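Hi,

Here is the structure I promised to pass on to you. Have a look at it first, and then read on for what turned up in it.

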Amino acid sequence: MSTRPARTTAPTLDRALGLHPQVSVRPEPFGALLYHFGTRRLTFLKDRRLLAVVESLADAPTARAACLAAGVEEAELPRYGRALAALAESSMLVGRTP
C-alpha cells in the first residue's frame, strides 16, 4: 500500500494553468523536452497531444478546455489530468488568472 496521497485530476483540469515563466519547451519528434531554468529540472513529454495541450494552456480558460481543444476525448481526461497535475507538482506549470 502506498503512503503517497492520491492525485485528484478534477481540480487540475478545472484550473487555469500556464507554463512557469522559467520553463522552456523544445519540441521533439517523440513529444517535447521541458526545462525549468530555476529548478534545473528536465521533463520529457512523450505524447505529442500532451504537448499540444501544454502549448494551448495559455489561451484556454481551463486545462480541461485546453485538453478538449487538442482533441483529447472525454474518456482520456483523467489520464491527461494526472499528467498535468504531475507537471504542476514539479513546478513546470503554474496557476494563472483566466
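A word on terms before the rest: two residues are in contact when they have heavy atoms within 4.5 Å of each other. Among contacts in this chain between residues at least 6 apart in sequence, 56% join residues at least 24 apart.

Please keep in mind that this is a predicted model, in which local features need pLDDT of at least 70 and side-chain atom pairs count only at pLDDT 80 or more, while totals for chains, interfaces and linings use all residues. Residues are numbered from 1 along each chain as its sequence is written, and side-chain values use heavy atoms, with hydrogens and water left out.

The overall picture

The chain has 4 helices and 5 strands (DSSP runs numbered from the N terminus: H or I of at least four residues for helices, E of at least two for strands). From the N terminus on, their order is α-β-β-β-β-α-α-α-β. Of the 98 residues, 36% are buried (under 20% relative accessible area; exposed is over 50%, and partly exposed is in between, with a 1.4 Å probe and protein chains only).

The largest pocket has a volume of about 160 Å³. Its lining draws two or more residues from each of β4 and α4 (77-89), and α4 gives the most, with 5 residues. Among the lining residues are Thr 43, Leu 45, Arg 79 and Tyr 80. For the terms: on a 1 Å grid over the protein atoms alone, a pocket is an open set of points where a 1.4 Å probe fits, with protein on both sides within 12 Å along at least five of seven lines, and lining residues have an atom within 4 Å of a point. Points are joined across faces, edges and corners, and the volume is the space filled by probe spheres set on them.

Two residues to look at

Phe 44 lies in strand β4 (residues 41-45). Phe 44 counts as partly exposed because its relative accessibility is 47%.

Arg 96 is in the segment after β5 (93-95), and it counts as partly exposed because its relative accessibility is 25%. Which residues does Arg 96 contact, leaving aside its neighbours within four places in sequence? They are Ala 16, Leu 17, Gly 18, Leu 57, Ala 58, Asp 59, Ala 60 and Pro 61. Arg 96 and Leu 57 are 39 residues apart in sequence, with 9.8 Å between their C-alpha atoms.

Best wishes
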